[in-house]
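Please report on the backbone of this model.

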Amino acid sequence: MATQKATMMYAVLLIIGLIIGVAIGYAIKPAPPAAAPTTVTQTVTSTSVITKTVTAAAGPQEIVIRAMTVGPDEPSYNRFENLKRAAELLNKMLADAGIPVTVKVEGEFWTGSWEDYKNKLLMMFQAGEAPDIILSGHEDIAPWAEAGYILPLDDFIAKYKGLWFFDDMIPSLWDSVKYKGKIWGIPQDTEARPLYFRKDLLKDMGWSDEDIEEFKKKAWNGEITLWDLLEICKEAIDKGVIEEGYCIWHRPKRGVDYYQIYLAFGGILQDPETGKLVLDKKAMLNMMKWLHDAVHKYKALRSDMIGLDWKIIHENWVAGKLLFWFGGTWQKAEWIKKYNMPEEEFWANIDFIPVPPGEKGGKPVTLSHPLVYMVSSQSKHPDLAFLIVALATNPLYNAIHAVESGHLAIMYSELSAKKYQEDKWLAVSASLLEFSKFPPNHAKFGTYDEIVFKAMGGVESGELSPEDAVSYIVDQLKAQLGDEIVIKE
Amino acid sequence: MGKALVIRDMPLKRLLTIKSVTVILLIAPVLVFIIIFYFMPVFLTFAMAFTDMDYRFQWNFVGFVNFQRMIRDPLITKILFNTLFYVFTTLLCFNVGYGLLLAILTSLIPPRVGNVFRLLWLLPRLTPPVVYYLLWLGITSPYPYGLINFFLVDILGLEQYKDVYWIYAAPWAVVILANGFVGASFGMLIIGSAIKSIPIDVIRAAKVDGASLFRLIKDIMLPILKWPILFVTAYQTLSLLTSFEYILLLTDGGPGFYTTEVWALHVYHKALSAFGGWEFGYGAALSLVLVVLGLALSILYFKIFRFRELIFEPKVEVT
């Protein structure tokens, strides 16, 4: 009997505990702010007047705008700070106008991996907790617009026509934010991807300053090809200036940089008319052949390039062990701030050219990857969120970001901003923009990229021949993309 | 002293009602937890496998399309082979094999010393995966960053290893070692506890009869340890089938062309990777195959280890 009573008591206590837990959870949920009633007179018909009582917030009001922004490079922290500056500016205007509303920007500047950032955003969208403002790569516009996660901004932009710096934006950047005829983002910055080279190593090979200048001139004119670079690598290795596998490196993780090689061989990624993704088989085969020979014939590239840690790459570059690096304009700031490269050493020993064409007669290329501000469809204050983005998009704030992080101007007036002009690197690297191309805005480009990247890894490791790699790419693209891919023979 | 509860005097119906209600109330919280976090995801995964769900989270049923795609994928055979190779090599060399060896060795030495070694072997399991990965990065990186190459180049003078990045030179070895060091501790603990519960009289009797250490292990300990070894084998097989975090961190399925891509990692790449297109439907279909494979292997183990005999109640009772 005692045992039975004790058991029943425990069971009852358990139920009571559960009920108390639920009650506490409900009780600590914040209540909505109380509002004072206001009487508003509204005329509904010409013969009668109806007085309708509505509630409005009493006293000063704070509106919180949430923003998720990303580097991942740490010097790009102004992508978030500029939104806060914009809110500060807006609050001063509102205070001066006697409007008792303040806007507070909260959120995050992400310095982890791109993949984790995008996964986090997807989970936020799905949970209904998306931020008001999202900064991400322009390639995310296609899938997020398809899924209804972001708002088209044409009407928002039209409100400010003739009144704001949107009219001053470098025109080609608007192409990167268009999808199915609408604008879905405001460009935040852009960059270019130079092919860096080390002048000191070329001098160690016996090149004079005139030889280096001649090389640069030919490269900018499209007279040097990717194959010529491999011959220079062979010369450097033969002369013992660099070790085998340490001549020309590319990014070790997923990204868009390696498509410069495909574009350099005349490939295109997207049909401008239909918007479908395109694989140019000939260009892709040439890209794979170049990578294959770079590793296995010229010994200019490591066979385990893909997967190498970023730290190893940057440390080898800063230490002067690599001759060529398919890099980005923002990396100068990283080398100086994070890897302690003296600025004088950068200017003395490093220079750059656009990515040379694959064959004689081609044009040099570079790939630009604009990051863009978007407004979430879940935002309760989309107009205000857009206003913050608009205020953040001005020559001064953008110049602060550009100079500190090594990104390029997006507005003509930014190019002439004092801060921007004082930065020698930005002035010099802006010359790449004439060769700029963009990755495509397509919902399935991620799948396309995964297939190509895997094939690259197979070719560089020696597991796949260039021909097998292209066969694999064609088969997988057809199987996974269906009608959305056009295979060009 | 109060009167003891006399169950046989109570009506059966009343007894069942009180007992059942009490039992259900007490296990209800855990039951709810298991239903929400185990059975529902399994059910949802099963349903999702027949959809083309992606980042749009739409339930669009497409029948067996995902499975047809799986069969037609030329990489599936390679990934399946990778998975079986990874699971059985890690299982035999570390999770069961080395775990058994560690359990026996640590029981043969004085308990205090044995405990120290058990704790050391638990450290990989206790270390957060990313930290553990960074340690392996520090061990396997090219000279002068990596410990192995520092030892080979600076201590042994073997300059030819200067540039070797061991994760990429010997990816399977690194992956199996990294996972094995974590897995061995589980077997060591389970089997070690079972060894401790072997009656000491049995060991003494065997020694008195002149049994060598080898015969003691082979003829006395191993037969008694059949049940824990079965448990560790089955559990660790299922665990290895679904584990991919260390492979993701170390090689991400590379180097090269799907060299160390195992099935669970392939599911991750397809379903949960921002760059893979968030193909939740296809990923769910791939996961279902893992469930079937796990079930099949469990049934096979039960047959190999003669599970029925293990749980069969002996007809003779020794008092």
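K180(A) is exposed, with 12 other C-beta atoms within 10 Å. The burial classes rest on C-beta atoms placed from the backbone: a residue is buried if 20 or more others lie within 10 Å of its own, exposed if 12 or fewer, and partly exposed in between. The phi of K180(A) is near 50°, a positive value in a residue other than glycine. K180(A) sits in the loop between β6 (178-179) and β7 (182-183) of chain A. Helices (H or I, at least four residues) and strands (E, at least two) are DSSP runs, numbered from the N terminus.

The model is predicted: local features need pLDDT of at least 70, side-chain atom pairs count only at pLDDT 80 or more, and totals for chains, interfaces and linings use all residues. Residues are numbered from 1 along each chain as its sequence is written, while chains are lettered from A and ligands numbered from 1 in the order in which they are written.

**Backbone exceptions**

Most residues other than glycine have a negative phi, and most peptide bonds are trans. Chain B also holds a positive phi: Y258(B), near 55°. Y258(B) lies in the loop between α13 and α14 of chain B. Is Y258(B) buried or exposed? Y258(B) counts as buried, with 20 C-beta neighbours inside 10 Å.

| Cis peptide bond | Omega |
|---|---|
| G71(A) and P72(A) | about -15° |
| G254(B) and P255(B) | about -5° |

P72(A) is placed in the loop between β3 and α2 of chain A. P255(B) is found in the loop between α13 (245-250) and α14 (263-271) of chain B.

**Strand pairing in chain A**

Two strands pair if DSSP finds at least two bridges between them. Strand β3 (residues 61-70) of chain A runs parallel to strand β4 (residues 101-110) of chain A, over 10 bridges. E62(A) has T102(A) as its bridge partner in β4(A). With helix α2 (residues 78-96) of chain A, β3(A) and β4(A) make a right-handed β-α-β unit. Right-handed is meant as follows: with the strands pointing away from the viewer, the path from the first strand over the helix to the second runs clockwise.

β3(A) also pairs with strand β5 (residues 133-137) of chain A, in the parallel sense, over two bridges. Here A67(A) has I133(A) as its bridge partner in β5(A).

An open sheet of four strands has the order β10-β12-β9-β13 (chain A), with mixed pairing. Its edge strands are β10 (248-249) and β13 (350-353) of chain A, each pairing on one side only. β10(A) runs parallel to strand β12 (residues 324-326) of chain A, joined by two bridges. W249(A) stands opposite W325(A) in β12(A).

**Domains of chain A**

Chain A splits into domain 1 (61-191 + 369-437) and domain 2 (195-367 + 444-488). These bounds come from an automatic or database domain assignment. The C-alpha centres of domain 1 of chain A and domain 2 of chain A are 29 Å apart. Their contact takes 16 residues from domain 1 of chain A and 16 residues from domain 2 of chain A. Contact requires C-beta atoms, placed from the backbone, within 7 Å.

On the side of domain 1 of chain A that touches domain 2 of chain A, α16 (395-405), α19 (424-429) and β16 (436-437) of chain A each supply at least two residues.

Methods:
Contact = placed C-beta atoms within 7 Å.
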